[in-house]
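Open the model in your viewer and keep the selection tool ready. The stops below say what to pick and what is there.

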Amino acid sequence: MLVDEFMPVYDVSDAVATVVDSDLATSWSALMEVDLIEVGRKRPLVAVLGALRILPDIVSHLLHGELPPRQPEQMRLRDLTTIPLDKGGWVLLGVREQDEIALGLIGKFWRPVIEFARVSSAAEFRAFAEPGFAKTIYALSVRALDPRRTLLSGVMRTSTTDDDARRWFRRYWTFGVGSGAHLLVNGLLDVTREIAEQEVTPPA
């Protein structure tokens, strides 16, 4: 898997999965098209977690006399790579069609206003080793269980670049962030499952 290729050694890892009553192609299409903003609307807890995380950044803009950046109307997984790097834009680490997609992000996530590293390619993500940062990967995949059922999975994995970053990240993870990431990806997979199953025509 891509997550193993890019991060075989890590500090924390979590995984979620759900079975989708649809074929692999339909499940993959739903995963690629699911709107992350709509996930927040359908799963209020996910929206609350996201709002709490971006609140310090909004306050920082206001304190500097700036308007907060306007939120997009739609945000699919691939769209995460179009966000400016200094605003938390994700790096596309790889896509294997109808198989898996992996996205990476590097930053000091434990700070109220996150400092993001400027990496713009999978190769830069892999090579990044500047002290004081954490590298995280979200990898989402589909696997056929049989012609009409698909296993939809998500793996969240993080490594740190030095002992200081490791201490900070472990505190950050321990104080609820781990469960927050779990809920976020679980919500994403759950809405993807609903979309895929709605596309399936019941057998005659």
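**Stop one: the helix start**

Select D23 and A25, at the start of α2: a side-chain oxygen of D23 comes within 3.2 Å of the backbone nitrogen of A25. Bear in mind that this is a predicted model.

Now extend the selection to helix α2, residues 24-33. Colour L24, S27, W28, A30, L31 and M32, which are buried. For the spacing, recall that an α-helix has 3.6 residues a turn, so residues three or four places apart point the same way.

**Stop two: T136**

Go to strand β5, residues 134-146, and pick T136. Is T136 buried or exposed? T136 is buried, because its relative accessible area is 7%, under the 20% cut-off.

Show the side chain. A polar atom of the T136 side chain sits 3.3 Å from the backbone oxygen of R157. Then select the contacts of T136 beyond four places in sequence: M7, W90, L103, G104, L105, F109, F125, R157 and T158.

**Stop three: the cavity**

Run the cavity search. One cavity of 30 Å³ or more is counted. The largest cavity has a volume of about 40 Å³. Its lining has 10 residues, and G89, L105, I106, A117 and V119 are the closest to its centre. Highlight strand β3, residues 100-108: this strand gives the largest share of the lining, three residues. The lining of the largest cavity has seven nonpolar residues, three polar and no charged.

**Last stop: confidence**

Colour by pLDDT. The chain average is 84, and 80% of the residues score at least 70. Select residues 51-64, where the pLDDT is below 50. Beyond near neighbours in sequence, this stretch has 16 contacts in the model.

Key. Residues numbered from 1 in each chain as written. Heavy atoms only, no water. Helix = DSSP H or I, 4+ residues; strand = E, 2+ residues; numbered from the N terminus. Buried < 20%, exposed > 50% of the residue type's maximum accessible area, 1.4 Å probe, protein only. Polar contact = N/O pair within 3.5 Å; in protein donor to acceptor, adjacent residues only side chain to side chain. Contact = heavy atoms within 4.5 Å. pLDDT = per-residue confidence, 0-100. 1 Å grid on protein atoms, 1.4 Å probe; cavity = no way out; pocket = protein on both sides within 12 Å on 5 of 7 lines; lining within 4 Å. Points joined across faces, edges and corners; volume = space filled by probe spheres on them. Nonpolar A, V, L, I, M, F, W, Y, C, P; charged D, E, K, R; others polar.
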